[in-house]
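Please look through the sequence and the model shown here before reading on.

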Amino acid sequence: LPLPEAPRTPLQQQNLARMLARLDVALAGFDHPAGDLPLPWDLQRAQSVRGLLAHIADDERRAIATAALDRFEHTAQPVLRTLPAQPIHNDFNIYNVLVDPQDTDRIAAILDFGDMVRAPCIDDLAVAAAYQIGTDDDPLVHIVPFVAAYHAVRPLSATELDLLFTLITARLVMVVAISGWRAARYPENAAYLLRNNPLSWARLQACERIGHAAATRAFRSACGL
């Protein structure tokens with residue numbers, strides 16, 4: 001059963017994080033020469049979407065996206081280069097997951113490995129967490145247990161946890177920037193291309209309200225660091 005068609009529960013979300021961690025552990029010993037090919041959705045290259053921000057008409061939204069990319073480029077990108085890389089799924093969203101129809105808390109399968117890339121493991125968690133963030137007054141309540149569940153299977157270092165929130169916001173900027181650019185190029189398909197943009201903007205704005213320091217404290221606390 002596709003995960004979006006199933007009831008959502010905290011246990012299911014934690015199982016989702018554990019499954020991603022298991023996948024990353026399994027992929028650690030795998031390698032392929034295509035892993036280093038340039039990919040538009042490679043979080044390591046988030047700054048490459050900066051030119052696409054011109055397609056964002058709203059000044060406030062464009063400022064939020066620009067600030068998120070600035071943080072990524074100045075604080076995360078230099079550190080990412082020092083972390084060991086491995087193949088990662090790179091698109092672990094709920095539409096790429098099947099659950100057991102008899103027990104919808106159990107993750108049954110992972111789909112769509114078309115965005116795989118060789119990158120630091122923390123990028124995989126950041127991409128997945130970007131699709132778990134809430135848009136209410138406390139968006140962290142939706143992702144802190146997700147991060148902790150991942151950490152229980154594949155322990156995260158202090159360095160990885162310090163990068164995580166910046167990487168999550170960078171991924172959200174990539175979503176709104178790339179889809180906005182594609183919609184401008186293909187207006188006949190804009191409705192489909194922009195289907196996730198309102199939610200992604202709401203998540204990005206929620207992240208801006210929380211801030212990097214508060215998020216990182218919550219991640220570290222949940223993981224026992």
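**Helices and pockets**

Cys121, Leu125, Ala128 and Ala129 of H3 are in contact with Phe146, Val147 and Tyr150 of H4, where contact means heavy atoms within 4.5 Å. Helices (H or I, at least four residues) are DSSP runs, numbered from the N terminus. The residues of this contact divide into seven nonpolar, no polar and no charged. Here Ala, Val, Leu, Ile, Met, Phe, Trp, Tyr, Cys and Pro count as nonpolar, Asp, Glu, Lys and Arg as charged, and the others, Gly among them, as polar.

This is a predicted model, in which local features need pLDDT of at least 70 and side-chain atom pairs count only at pLDDT 80 or more, while totals for chains, interfaces and linings use all residues. Residues are numbered from 1 along each chain as its sequence is written, and side-chain values use heavy atoms, with hydrogens and water left out.

Two packed helices are described by the angle between their axes and the distance between the axes. Axes are lines fitted to C-alpha atoms, for helices over the stretch in contact, and angles run from 0 to 180 degrees between N-to-C directions. For H3 (residues 121-130) and H4, the angle is about 150 degrees and the axes are 10 Å apart. H3 is therefore roughly antiparallel to H4, since angles over 145 degrees count as roughly antiparallel.

H4 (residues 144-153) also packs against H1 (residues 10-27), at an angle of about 40 degrees and with the axes 8 Å apart. On the H1 side the contact includes Gln13, Leu16, Ala17 and Leu20, and on the H4 side it includes Pro145, Phe146 and Ala149. Nine nonpolar, two polar and three charged residues make up the contact of H1 with H4.

What angle do H5 and H8 (residues 212-222) make? They pack at about 135 degrees, with their axes 9 Å apart, which means that H5 is oblique to H8. Among the residues in this contact are Leu161, Leu164 and Phe165 of H5, together with Ala215 and Phe219 of H8. The contact of H5 with H8 divides into seven nonpolar, three polar and two charged residues.

The next topic is the pockets. On a 1 Å grid over the protein atoms alone, a pocket is an open set of points where a 1.4 Å probe fits, with protein on both sides within 12 Å along at least five of seven lines; lining residues have an atom within 4 Å of a point. The largest pocket holds about 670 Å³ of space. It is lined by 22 residues, and Asp91, Asn93, Tyr131, Arg195 and Asn196 are the closest to its centre. H5 (158-185), H6 (190-193) and H7 (197-210) each supply at least two residues of that lining. Eight of the lining residues are nonpolar, seven polar and seven charged.

Tyrosine 131 sits in the loop between H3 and H4. Tyrosine 131 touches Asp91, Phe92, Asn93, Arg171, Val175 and Arg203, not counting residues up to four places away in sequence.

The second largest pocket holds about 200 Å³. Of its 13 lining residues, His55, Ile56, Arg61, Asn197 and Trp201 lie nearest its centre. H5 and H7 each supply at least two residues of this lining.

Methods:
Points joined across faces, edges and corners; volume = space filled by probe spheres on them. Parallel < 35°, antiparallel > 145°, perpendicular 65-115°, else oblique.
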